[in-house]
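Subject: Structure for your review

Hello,

Please find the structure below. My notes on it follow.

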Amino acid sequence: MDFLNAFVALSNFVLIPAIAYGSQLALGALGVTLVYGILRFSNFAHGDTMAFGTMVAILATWGLQAAGVTLGPLPTALLAIPVGILGCAALVLATDRLVYRFYRAQKAVPVILVIVSMGVMFIYNGITRFIIGPDDQAFADGARFLINARQFREMTGLAEPLAIRSTQAITLVTALIVVAALFWFLNRTKTGKSMRAYSDNEDLALLSGIDPERVVRVTWIIVAGLATIAGVLYGLDKTYKPFTYFQLLLPIFAAAIVGGLGSPLGAIAGGFVIAFSEVGLTYAWKKVLTYLLPGPLEPDGLVQLLATDYKFAVSFMILVIVLLFRPTGLFRGKSV
Amino acid sequence: MIRVENLHRHFGGFRAVDGASLEIATGSITGLVGPNGAGKSTLFNVIAGALPPTSGRVTMDGEDITGLAPHELFHKGLLRTFQIAHEFSSMTCRENLMMVPGAQSGESLWSAWVHRARIREEEAALLKKADEVLDFLTISHLKDELAGNLSGGQKKLLELGRTMMVDAKVVFLDEVGAGVNRTLLNTIGDAIQRLNRERGYTFCVIEHDMDFIARLCDPVIVMAEGKVLAEGSIAEIKSDERVIEAYLGTGLKNKETA
Ligand SMILES: Nc1ncnc2c1ncn2[C@@H]1O[C@H](COP(=O)(O)OP(=O)(O)OP(=O)(O)O)[C@@H](O)[C@H]1O
Ligand SMILES: [Mg+2]
């Protein structure tokens with residue numbers, strides 16, 4: 001019984017939150033890794049791309065809510081995601097046209113593009129705050145829980161409660177669908193294959209008749225999709241605030257680098273590694289250990305390895321540790 | 001016919017290609033030789049759209065193709081291989097070859113779903129072709145090997161294989177034979193001749209191996225210091241004073257005196 005209780009507590013406070021957070025990071029990191037693989041630079045504007053796409057989706061959600069359209073138990077924001085993606089795609093395509101293409105034509109070295117993307121980041125930053133403001137925005141509706149604590153206790157009779165928020169379940173399901181679709185696209189369609197070819201060897205891809213501008217366009221559209229979906233899921237699960245999305249840049253980059261920049265599988269693995277480390281290291285393990293250990297060994301303190309204030313430091317730690325042992329990341333990424 | 005008119009390509013103050021003019025007749029296998037650093041690869045890079053020219057013009061059958069992007073030239077039937085072999089290292093040899101026809105049908109997601117049967121058919125045809133090419137190049141045992149794991153010579157063969165996947169008009173080969181053993185070099189030579197005769201490919205071949213050039217190429221163009229030095233049959237080239245001068249101490253001169 002104690003063992004079961006320990007497991008429930010673990011699920012409730014570590015496994016489920018980390019799986020949801022990991023899925024969000026994975027989607028974010030996929031966007032970063034695609035830009036890195038195809039356009040060959042680290043896109044510092046990615047957090048704010050997520051913020052912008054999510055903002056458009058939120059505006060659309062409010063519109064739908066005002067018009068009385070809802071999805072019942074599901075959040076209305078799910079309906080608004082396509083609108084968010086369209087808005088976000090328009091923004092990144094326009095940015096590419098006005099900014100990145102110029103540097104591509106110059107064959108600018110990656111470090112220049114990184115700095116350029118920081119400039120783009122500040123502009124997105126301003127646009128988002130100008131339109132929706134810097135504050136927290138609520139847009140989640142629908143059922144709050146898939147299983148709440150009381151239902152679970154009645155169902156199982158365990159002392160330890162378990163709650164699964166519907167946003168956590170939605171995050172996982174959506175992420176699975178999106179990742180499956182992305183991999184189908186990259187591995188099965190001609191366009192996806194040309195993207196992989198282009199990422200592998202640009203010169204040779206051109207020689208095989210692949211139109212680079214088309215590859216770049218398709219990449220931006222996919223990145224906009226991933227960023228908006230990741231952003232909306234994160235916003236539903238936690239909260240929407242533009243600054244939080246900017247801060248997400250760190251764990252997202254850590255995830256992409258840990259997994260191996262340029263490797264989609266790596267981005268997913270990296271997302272979960274970072275999420276589990278962050279949640280695991282900042283969780284107070286006292287409760288779980290109390291269930292598991294015999295009385296005299298029960299811990300006195302909280303058994304919390306790091307205060308939650310340090311959660312962003314975890315990304316850095318994992319990053320350094322992984323890179324010490326595998327400089328190209330878990331899934332052997334590329335370097336440009 | 002490919003015509004290059006007064007082409008320049010400078011790197012800073014250095015004139016890698018310095019006013020080269022030449023013609024590659026349709027249906028020919030034209031050799032391009034010259035000492036190391038003569039500007040042969042740079043000339044290829046400019047013709048094939050990998051580098052913009054500093055000045056000058058390139059035409060293909062009268063049409064100006066100067067500065068077109070490589071993928072545009074591909075669709076006009078102009079292909080090239082690299083002196084240092086390129087490959088999609090994370091794909092198998094077979095997948096490498098199957099990438100060559102670029103994006104044809106299956107373009108949009110829509111058609112990827114709707115015309116799945118037709119796309120499967122195309123894929124099957126492509127696969128068959130890739131296997132034939134691999135067979136032809138005697139590397140069919142490597143078809144499922146990642147191209148990144150091939151040896152230098154094998155990568156060169158794969159490069160040549162790429163040009164056989166589509167119906168090219170003009171193919172520029174930059175030292176296809178480098179690092180390939182003698183027997184295989186003969187096979188490559190045969191392949192080039194066959195493609196030339198049976199499928200009407202025009203070739204322009206850079207090669208340092210004079211026997212290889214002598215066997216395949218007519219005419220031969222000699223470059224030195226970014227300029228075209230001489231042009232003619234291999235016999236004419238070999239007896240040309242200026243050419244011997246350019247090669248002084250290496251290649252031809254040694255052969256002549258040996
Ligand atoms: N990107 C570049 N930047 C500066 N100089 C270059 C560049 N590419 C080529 N060069 C110079 O141009 C000259 C011609 O080089 P190229 O590669 O065309 O010679 P090549 O005739 O192909 O020689 P090889 O037979 O050795 O392959 C060389 O001196 C080389 O150093
Ligand atoms: Mg060369």
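In chain B, β1(B) and β2(B) make a hairpin with 2 residues between them, and B:G12 in the turn has a positive phi of about 60°. Helices (H or I, at least four residues) and strands (E, at least two) are DSSP runs, numbered from the N terminus. β1 (residues 2-11) of chain B pairs with β2(B) in the antiparallel sense over 8 bridges; two strands pair if DSSP finds at least two bridges between them. B:F11 is opposite B:F14 in β2(B).

This is a predicted model, in which local features need pLDDT of at least 70 and side-chain atom pairs count only at pLDDT 80 or more, while totals for chains, interfaces and linings use all residues. Residues are numbered from 1 along each chain as its sequence is written, and chains are lettered from A and ligands numbered from 1 in the order in which they are written.

An open sheet of 6 strands runs in the order β6-β7-β8-β3-β9-β10 (chain B), with mixed pairing. Its edge strands are β6 (78-80) and β10 (227-232) of chain B. Within chain B, β3 (residues 29-33) and β8 (residues 202-206) pair in the parallel sense over 4 bridges, with B:I29 opposite B:F203 in β8(B).

Chain A

Between the chains, 17 residues of chain A are in contact with 23 residues of chain B (contact: C-beta atoms, placed from the backbone, within 7 Å). On the chain A side, the largest share, 6 residues, comes from α7(A).

Helix α4 (residues 110-132) of chain A has 23 residues. Its buried residues include A:L113, A:V116 and A:Y124 (buried: 20 or more other C-beta atoms within 10 Å of the residue's own, C-beta atoms being placed from the backbone). Among the elements covering the buried residues of α4(A) is α10 (242-259) of chain A. A:G133, with a positive phi near 85°, follows α4(A).

Regards

How values were computed: Contact = placed C-beta atoms within 7 Å. Expected span 1.5 Å × (residues − 1). Buried ≥ 20, exposed ≤ 12 C-beta atoms within 10 Å, placed from the backbone.
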